[in-house]
Amino acid sequence: MKEIFTSLAVVILTSVAHSQVITQNAVSNTVSPTGSVACGSQANGYTADNSYYRVFKLSDYGINYSYNITNIAFGVQTANTTFPVEVNLYTLVGAFPTGTPTLLGTTNVNIAPANAGQMVSTGTALSQTVPAGGTFVVELYHDGSTANPPQSFYLGTHPGAQTGLSYLSSETCGIDTPIATGTGALAGFASARWVMTITGQNTLGVTEVINSKDLQIFPNPVKDVLKFRFGNNLKSEAIDIYDMNGRAVTSISNNKNVNEVNVSSFTKGAYILKVKANDGKVYVQKILKD
């Protein structure tokens, strides 16, 4: 029987000292009940060979040091029985998917029907270090076509905004090179945006919180004055802005709880805002200068 792409019609992260949690999902750790896609045969009750990818560039998150990955978490939309999903971690030189990947490590994560709508994780089984300035790729792989009984797995998704593309490949369905969901053969599956969260550590002696809702910035993109405000009664103690090469372009010792920065003289492009709060943490957001 011909295999086709089918859509299913249908966490709390343990804190780590000096940790960074990164994701490309605007709504992190939340799995929608519908919207995923996989190559397979619904009539025969299985999903075939499917590789799901996300690509993470450290500089996009203001990480200009070696990033020690301690956990990879991903969402499960459904699983029809208990089976392992393979998790592969690569460094990448060049652009995805045409660049050169190098395997850092691999592990299996067992999932079950009870995990539907939840996040599951590798724990420390895939602890690896991505060099400063690097890019890494997370691949989830599963093939339920030869299992007895057949296995069906739909990766967790959320239709909210994403800061990076979600990719899929499947030789069975004729996609040897990964393509982004919502494009090409996957044009009808734009809402299939993989839910993945990466936890890592640094050696800087400070916890960096990336893309936290506790730090709100506006406008973004910005032309002249960037404003920000904290939630949870936090106050800013220092402000730093870096270009995408890790060079500091603005540094303010914020004794008066300043909540805006004039960036009118900045060259157009992307920058990283880091605001140290009075809870001892540094809150990180990516900004765009218009």
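Select Asn-233 to begin: this residue is exposed, with a relative accessible area of 74%. Here exposed means over 50% relative accessible area, buried under 20%, and partly exposed in between, for a 1.4 Å probe and protein chains only. Asn-233 is found in the loop between strand 18 and strand 19. Strands are DSSP runs of E with at least two residues, numbered from the N terminus. The model is predicted: local features need pLDDT of at least 70, side-chain atom pairs count only at pLDDT 80 or more, and totals for chains, interfaces and linings use all residues. Residues are numbered from 1 along each chain as its sequence is written, and side-chain values use heavy atoms, with hydrogens and water left out.

Remain in this loop and examine the backbone. Phi of Asn-233 is near 60°, a positive value in a residue other than glycine. Asn-232 lies in the loop between strand 18 (225-230) and strand 19, and its phi, near 55°, is positive as well. Asn-232 counts as exposed because its relative accessibility is 59%. Most residues other than glycine have a negative phi, and most peptide bonds are trans.

Next, select two peptide bonds. The bond from Phe-96 to Pro-97 is cis, with omega near 5°; Pro-97 is placed in the loop between strand 7 (83-93) and strand 8 (100-111). The bond from Asn-148 to Pro-149 is also cis, with omega near 5°, and Pro-149 belongs to the loop between strand 11 and strand 12.

Now select strand 5 (residues 50-57), where seven of the eight residues are buried. Which strands pair with strand 5? Two strands pair if DSSP finds at least two bridges between them. Strand 11 (residues 135-142) runs antiparallel to strand 5 and is joined to it by eight bridges; Phe-56 has Phe-136 as its bridge partner there. Strand 13 (residues 167-170) pairs with strand 5 in the antiparallel sense over three bridges, and Leu-168 is the bridge partner of Tyr-52.

Display the aromatic side chains. The structure holds 10 aromatic pairs. Rings of Phe, Tyr and Trp (its six-membered ring) pair if their centres lie within 6.5 Å; planes under 30 degrees apart count as stacked, over 60 as edge-to-face and the rest as tilted. Tyr-52 and Phe-153 form an edge-to-face pair, 6.1 Å centre to centre with 90° between the planes. This pair links distant parts of the chain, for Tyr-52 is in strand 5 and Phe-153 in strand 12 (residues 153-155), 101 residues apart. Both Tyr-52 and Phe-153 are buried. Phe-266 and Tyr-271 form a tilted pair, 5.1 Å centre to centre with 45° between the planes. Phe-266 is buried at a relative accessible area of 13%, and Tyr-271 is buried at 9%.

Finally, select the lining of the second largest pocket, which includes Ser-59, Asn-64, Tyr-242, Asp-243 and Lys-274. A pocket is an open set of points on a 1 Å grid over the protein atoms alone, where a 1.4 Å probe fits, with protein on both sides within 12 Å along at least five of seven lines; lining residues have an atom within 4 Å of a point. Strand 19 (236-243) and strand 22 (269-277) each supply at least two residues of this lining.

Note on methods
Helices (H or I, at least four residues) and strands (E, at least two) are DSSP runs, numbered from the N terminus.
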